[in-house]
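These are my notebook entries on one structure. I set down what I looked up, entry by entry.

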Amino acid sequence: PDGELRIALSTFLLSQQNGFSAIIGVNRLGNPVFKIEPKSDADGIMKPYIQDQGFPAEDSLRPVNLLTDTRQGAVFTSELEQGVNGSHVRIAAPLRDDSGNVTGALVLKINAAALLRNAAGPGMTKTVQDRTVRLQTIILSPDGTVIFCPDPAKLSKPYTEAYRDFEQPL
């Protein structure tokens, strides 16, 4: 992006750096044309890092018809994806010309850990036999893999293995 758009996208990303891991502009074929990521410089100060070539394959939006199949005025939201820098969800907003033809898209990579922490909330407590216990939030994938929990050692393991001492869900 040039000029004001570069500044606006960089400012937005830095203000949301705990939630978003990148903003990617893709062409109509889903290939990246730019990427902005928040990164720390040598002094530990977070700055926007702008890339315009040499993108990893995970930055491409596939399949290609994904953009054209997204109805006008809507966005595409991916399932949870595993990337080089951890798990994320992508939200792609198709960009259209005056005739309604897709010319590209703006893609937000949302940090899955931050998204899941927000979804899990602050945690709740429950009183059991005059004792207050803190309840744990555990989020599973459709196949029963742990994708969010308080214990990092249990992430990416099957629920029945990670929590074998817990009562199994119905």
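**Entry 1: methionine 46.** I looked up the contacts of methionine 46, leaving out residues up to four places away in sequence, and found Leu14, Gln17, Pro38, Lys39 and Ser40; contact means heavy atoms within 4.5 Å. The model is a predicted one, in which local features need pLDDT of at least 70, side-chain atom pairs count only at pLDDT 80 or more, and totals for chains, interfaces and linings use all residues. Residues are numbered from 1 along each chain as its sequence is written, and side-chain values use heavy atoms, with hydrogens and water left out.

I placed methionine 46 in strand E3, residues 46–51. Helices (H or I, at least four residues) and strands (E, at least two) are DSSP runs numbered from the N terminus. Methionine 46 counts as partly exposed because its relative accessibility is 32%; buried means under 20% relative accessible area, exposed over 50%, and partly exposed in between (1.4 Å probe, protein chains only). From methionine 46 to valine 102 I noted 56 residues in sequence and 33 Å in space, C-alpha to C-alpha.

**Entry 2: strand E1 and its partners.** I then turned to E1, residues 20–27, where 6 of the 8 residues are buried, so the strand is largely enclosed by the rest of the structure. Which strands pair with E1? E7 (residues 102–111) runs antiparallel to E1 and is joined to it by 7 bridges, while E2 (residues 32–40) pairs with E1 in the antiparallel sense over 4 bridges. Two strands pair if DSSP finds at least two bridges between them.

For the E7 side I recorded valine 26, whose bridge partner is alanine 105. For the E2 side I recorded isoleucine 23, which stands opposite isoleucine 36. E1 and E2 form a hairpin with 4 residues between them, and glycine 30 in the turn has a positive phi of about 85 degrees.

**Entry 3: nonpolar cores.** Which residues make up the largest nonpolar core? I listed 10: Ala22, Ile24, Val26, Leu61, Leu66, Leu67, Ala92, Val102, Ala105 and Val107. E1, helix H2 (65–69) and E7 are the elements that give two or more residues to this core. A second, separate core has 8 residues, including Ile23, Phe34, Leu108 and Ile110. A nonpolar core is a set of buried Ala, Val, Leu, Ile, Met, Phe, Trp, Tyr and Cys residues joined through side-chain atoms within 4.5 Å.

Beyond four places in sequence, leucine 61 touches Val26, Leu29, Gly30, Leu66, Leu67, Arg90, Ala92 and Val107. I also checked serine 60, in the loop between E3 and H2. Serine 60 counts as buried because its relative accessibility is 14%. With residues up to four places away again left out, serine 60 touches Gly30, Asn31, Pro32 and Arg90.

**Entry 4: alanine 162.** I found alanine 162 in helix H4, residues 159–162. Is alanine 162 buried or exposed? Its relative accessibility is 12%, so alanine 162 counts as buried. Not counting residues up to four places away, alanine 162 touches Val146, Lys154 and Lys157.

**Entry 5: the whole protein.** I noted 4 helices and 11 strands. The C-alpha trace spans about 65 × 45 × 25 Å along its principal axes. Of the 170 residues, 30% count as buried. Among contacts with a separation of 6 or more, 39% involve residues 24 or more positions apart.
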